[in-house]
Amino acid sequence: MDVLLGQIREGLDYLTIQGKKVNKIKMNPNIFEKMTNKLMDVEVSEGAITVFGITIEADKNIEVYAFVMDEVT
């Protein structure tokens, strides 16, 4: 799970440098469940958690994870 969180952090940093603002992350429900079980210091609220200041929610249509974003003007 630490590897996945590292990949998400790197992706967030890259997108920020590119002028993009990530509003939330959608994640495969199985991976989401494993993450929430492993991370003891996060609280699941209405099927979502907040990590790196970004909301992560489960979505059965996502293979691993996907960033939902808007362009920064």
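# Reading contacts, burial and packing

User: Where does Lys 26 lie?

Analyst: Lys 26 lies in strand S1, residues 20–27. Helices (H or I, at least four residues) and strands (E, at least two) are DSSP runs, numbered from the N terminus. The model is predicted: local features need pLDDT of at least 70, side-chain atom pairs count only at pLDDT 80 or more, and totals for chains, interfaces and linings use all residues. Residues are numbered from 1 along each chain as its sequence is written, and side-chain values use heavy atoms, with hydrogens and water left out.

User: Is Lys 26 buried, partly exposed or exposed?

Analyst: Buried means under 20% relative accessible area, exposed over 50%, and partly exposed in between (1.4 Å probe, protein chains only). Lys 26 has a relative accessible area of 23%, so Lys 26 is partly exposed.

User: Which residues does Lys 26 touch, not counting residues up to four places away in sequence?

Analyst: Contact means heavy atoms within 4.5 Å. With that exclusion, Lys 26 touches Glu 57, Asp 59, Ile 62, Val 64, Tyr 65, Ala 66 and Val 68. For Lys 26 and Lys 60, 34 residues apart along the chain, the C-alpha separation is 9.1 Å.

User: Take Ala 66 from that list. Where is Ala 66, and what does Ala 66 contact?

Analyst: Ala 66 sits in strand S4. Beyond four places in sequence, its contacts are Lys 24, Ile 25 and Lys 26. Ala 66 is partly exposed, at 26% relative accessible area.

User: Now Asp 59. Where does Asp 59 lie, and is Asp 59 buried or exposed?

Analyst: Asp 59 is in the loop between strand S3 (54–58) and strand S4 (65–71). Its relative accessible area is 15%, so Asp 59 is buried.

User: Which backbone atom does the side chain of Asp 59 reach?

Analyst: A polar contact is a pair of N or O atoms within 3.5 Å; within protein, one must be able to donate a hydrogen and the other to accept it, and residues adjacent in sequence count only if both atoms are side-chain atoms. Here the Asp 59 side chain reaches the backbone nitrogen of Asn 61 at 2.8 Å.

User: What does the side chain of Thr 36 reach?

Analyst: The side chain of Thr 36 reaches the backbone oxygen of Glu 33 at 3.0 Å. Thr 36 lies in helix H2 and is buried, at 15% relative accessibility. Leaving aside neighbours within four places in sequence, Thr 36 contacts Val 44 and Ile 49.

User: At what angle do helix H1 and helix H2 pack?

Analyst: Two packed helices are described by the angle between their axes and the distance between the axes. Axes are lines fitted to C-alpha atoms, for helices over the stretch in contact, and angles run from 0 to 180 degrees between N-to-C directions. H1 (residues 2–17) and H2 (residues 29–38) pack at about 105°, with axes 11 Å apart. That makes H1 roughly perpendicular to H2. Angles under 35 degrees count as roughly parallel, over 145 as roughly antiparallel, 65 to 115 as roughly perpendicular and the rest as oblique.

User: Which residues make the contact?

Analyst: H1 brings Asp 2, Leu 4, Leu 5 and Ile 8, and H2 brings Ile 31, Met 35 and Lys 38. These divide into five nonpolar, no polar and two charged. Ala, Val, Leu, Ile, Met, Phe, Trp, Tyr, Cys and Pro count as nonpolar, Asp, Glu, Lys and Arg as charged, and the others, Gly among them, as polar.

User: How many aromatic pairs does a search of the whole structure find?

Analyst: The search finds one. The pair is edge-to-face, because the ring centres of Tyr 65 and Phe 67 are 5.6 Å apart and the planes stand at 75°. Rings of Phe, Tyr and Trp (its six-membered ring) pair if their centres lie within 6.5 Å; planes under 30 degrees apart count as stacked, over 60 as edge-to-face and the rest as tilted. Tyr 65 is partly exposed at 25%, and Phe 67 is partly exposed at 23%.

User: What else does Phe 67 touch?

Analyst: Phe 67, in strand S4, touches Ile 8, Gly 11, Leu 12, Leu 15, Val 22, Lys 24 and Ile 25, not counting residues up to four places away in sequence. Phe 67 and Leu 39 are 20 Å apart, C-alpha to C-alpha, and 28 residues apart in sequence.

User: What is phi of Phe 52 near?

Analyst: Phi of Phe 52 is near 60°, a positive value in a residue other than glycine. Phe 52 lies in the loop between strand S2 (48–51) and S3. At a relative accessible area of 36%, Phe 52 is partly exposed.
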